Amino acid sequence: YAGGAGGPTAIKQTGLENQVFQISEGVPNSGNKAAMDFEKDFRAKTGISVWYPRAVNEMRMFKAAAEKANSIDPVKVAAALEGMKFEVFDGGEGFMRKDDHQFFQPIYISSFGGLAD
């Protein structure tokens with residue numbers, strides 16, 4: 001996972017800027033104010049970057065489903081998740097498919113390095 005611990009540093013040190021890409025569910029410096037503010041606060045609190053925006057989505061959606069179900073009972077939360085629409089970390093809408101509880105969300109391609117020419 002190129003965005004994990006040490007990945008960006010290794011890419012910079014090898015001179016591969018703008019040659020390595022990743023596909024992910026969010027990019028903390030994409031320009032989305034809410035995502036950038038969350039990243040800034042998270043980094044200040046933990047000393048690390050948000051590596052997995054999907055974990056942010058999962059926890060926020062679980063909270064919303066538990067509140068909707070007024071319970072943390074797994075069966076009730078699962079029922080509350082069915083068909084749920086949710087604003088995801090980097091903006092846009094995600095949703096939980098009712099039939100099989102698959103989660104769909106926007107996906108991004110990002111480049112490691114400075115601005116591409």
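Which residue just after H4 takes a positive phi? Glycine 83 does, with a phi of about 80 degrees. The model is a predicted one, in which local features need pLDDT of at least 70 and side-chain atom pairs count only at pLDDT 80 or more, while totals for chains, interfaces and linings use all residues. Residues are numbered from 1 along each chain as its sequence is written, and side-chain values use heavy atoms, with hydrogens and water left out.

Helix H4 spans residues 74-81; helices (H or I, at least four residues) and strands (E, at least two) are DSSP runs, numbered from the N terminus. At its N-terminal end H4 is capped by aspartate 73, of which a side-chain oxygen lies 3.0 Å from the backbone nitrogen of valine 75. Within the helix, Val77, Ala80 and Leu81 are buried, where buried means under 20% relative accessible area, exposed over 50%, and partly exposed in between (1.4 Å probe, protein chains only). These residues lie on the same side of H4 because they cover an arc of only 105 degrees around the axis, the arc being that of the directions from the helix axis to the C-beta atoms. The buried residues of H4 pack against helix H3 (53-69) and strand E3 (93-96).

The largest nonpolar core has nine residues in all, among them Val77, Ala80 and Leu81 together with Met61, Ala65 and Ala66; such a core is a set of buried Ala, Val, Leu, Ile, Met, Phe, Trp, Tyr and Cys residues joined through side-chain atoms within 4.5 Å. The elements that give two or more residues to this core are H3 and H4. Methionine 61 touches Leu81, Met84, Phe86, Met96 and Phe103, not counting residues up to four places away in sequence, with contact meaning heavy atoms within 4.5 Å.

Turning to charged pairs, the structure holds five salt bridges, each a side-chain nitrogen of Lys or Arg within 4 Å of a carboxyl oxygen of Asp or Glu. In one of them, arginine 54 pairs with glutamate 25, the closest N and O atoms being 2.7 Å apart. This pair links distant parts of the chain, since arginine 54 is in helix H3 and glutamate 25 in the loop between strand E1 (20-24) and helix H2 (33-46), 29 residues apart. Arginine 54 is partly exposed, at 32% relative accessible area, whereas glutamate 25, at 5%, counts as buried. Another salt bridge joins glutamate 67 to lysine 63, and both of these residues are exposed.

Technical notes. A polar contact is a pair of N or O atoms within 3.5 Å; within protein, one must be able to donate a hydrogen and the other to accept it, and residues adjacent in sequence count only if both atoms are side-chain atoms.
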